[in-house]
Amino acid sequence: MDKQQQLIEKVSQAFQKSFGQAATHIVQAPGRVNLIGEHTDYNDGFVLPCAIDYQAVVAASRRDDNLVRVEAVDYGYKVDEFSLDDDIVFSDHEMWVNYVRGVVKYLQIRGYKFGGADISISGNVPQGAGLSSSAALEVVIGQTFKVLYDLTISQQEIALNGQQAENEFVGCACGIMDQLISAEGEEQHALMIDCRSLETKAVSMPADLSVVIINSNKKRGLVDSEYNTRREQCEAAAAHFGKQKLRDVTFEELMAQREALDPVVFRRARHVLTENQRVLEAADALASHDVLKLGELMEQSHVSMRDDFEITAEAIDSLVDIVKVVIGDKGGVRMTGGGFGGCIVALMPHDLVDPVRKAVAEQYEAKTGLKETFYVCKAMNGAGHVA
Ligand code: GAF
């Protein structure tokens with residue numbers, strides 16, 4: 001039984017047991033890995049993520065009343081219950097319920113009309129690893145109400161609604177990348193997303209390359225505060241040029257103002273502007289199967305995150321170095337996600353997966369005292385109705 005099938009079995013059985021009948025709908029939303037384009041989304045820039053075959057899966061049925069009952073299979077089958085007729089409020093006790101409540105609340109605020117639901121949810125997106133388990137949860141809940149009540153909501157609006165829930169209800173100032181790729185991903189493709197227009201371009205993933213994700217298992221401390229500080233520094237850089245977003249500042253303009261800018265703010269802006277350019281080039285390199293170029297761009301991206309944006313960590317840098325030695329110029333490797341720990345992503349020919357696995361197993365723990373987790377992924381479809 002594959003991973004998705006196992007999740008479907010799990011939520012179907014839990015639903016049957018808790019709600020006394022079979023669920024009418026099974027819905028999934030994936031996590032994501034970002035190939036390149038970090039901290040560019042909230043600067044209205046470009047990103048190149050793909051949805052992965054680790055996902056949140058829901059079993060659900062409509063109810064005749066306005067109650068929403070949500071069972072978290074992975075949190076000891078705890079149930080959250082709220083009414084659509086009441087003000088939906090933040091819970092200080094259980095964090096997971098806020099992603100659900102927030103999504104439902106903003107669907108209502110956006111004017112969608114729907115009734116209650118019974119929902120069992122489970123997932124296998126590693127949590128706190130920078131692979132967007134929260135976005136998968138937000139998107140799967142939006143998608144569930146869409147299919148249960150035939151809502152005329154687009155995939156893009158499901159993503160925007162999830163982001164709004166995270167920004168305004170949960171209180172994390174994330175950009176749109178994670179929710180959008182979870183809602184709109186395409187099998188065997190990465191999506192180049194223009195985070196200003198929200199236009200996407202599917203870029204085929206070369207069939208001869210494996211997508212490897214390695215979790216450093218370095219705890220991501222201070223993520224929210226550091227993330228917000230980076231956002232503020234980017235906004236300060238844009239404001240220096242009288243602009244709202246760094247997307248509207250050219251590299252030449254930035255370089256001309258180097259002395260006038262605070263040196264840290266300058267480096268943050270340099271990361272964002274050069275990273276945007278790398279995303280555009282990486283999308284072309286991926287499409288034309290120019291692995292050498294892709295590898296160079298991923299390496300430059302990592303260096304820029306390490307030195308200019310300062311969001312990597314020693315453990316992450318050493319993981320990247322170990323992998324780079326094995327894959328040489330046959331692929332690419334970099335940290336992926338928000339940073340300060342979490343995962344690296346590597347693209348490599350299939351026959352290098354085992355040598356990379358072996359090198360990391362032999363060297364990473366010895367160097368850092370941490371034990372990695374290794375995933376070989378496939379690019380998969382975004383949120384949808386499974387059965
Ligand atoms: C996190 C955020 F949620 C995204 O919006 C994005 O900014 C990313 O960090 C960094 O690229 O995943």
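Modeller: What follows describes the open sheet strand by strand and then turns to the helices. This is a predicted model, in which local features need pLDDT of at least 70 and side-chain atom pairs count only at pLDDT 80 or more, while totals for chains, interfaces and linings use all residues. Residues are numbered from 1 along each chain as its sequence is written. The open sheet is formed by four strands in the order β10-β11-β9-β12, with antiparallel pairing; here strands (E, at least two residues) and helices (H or I, at least four) are DSSP runs numbered from the N terminus, and two strands pair if DSSP finds at least two bridges between them. Because β10 (332-336) and β12 (373-377) stand at the edges with a single partner strand each, one side of each is left without a neighbour in the sheet. On average, neighbouring strands of this sheet are turned by 25° against each other, direction ignored, where axes are lines fitted to C-alpha atoms, for helices over the stretch in contact, and angles run from 0 to 180 degrees between N-to-C directions. Helix α9 (residues 291-307) packs on the sheet and touches β10 and β11 (343-349), its direction making about 30° with that of β10; two residues are in contact if their C-beta atoms, placed from the backbone, lie within 7 Å. Helix α11 (residues 353-368), in turn, lies across β9, β11 and β12 and runs at about 15° to β9. Strand β9 (residues 209-215) is joined to β12 by five bridges, the two running antiparallel, and Ile-213 has Tyr-375 in β12 as its bridge partner.
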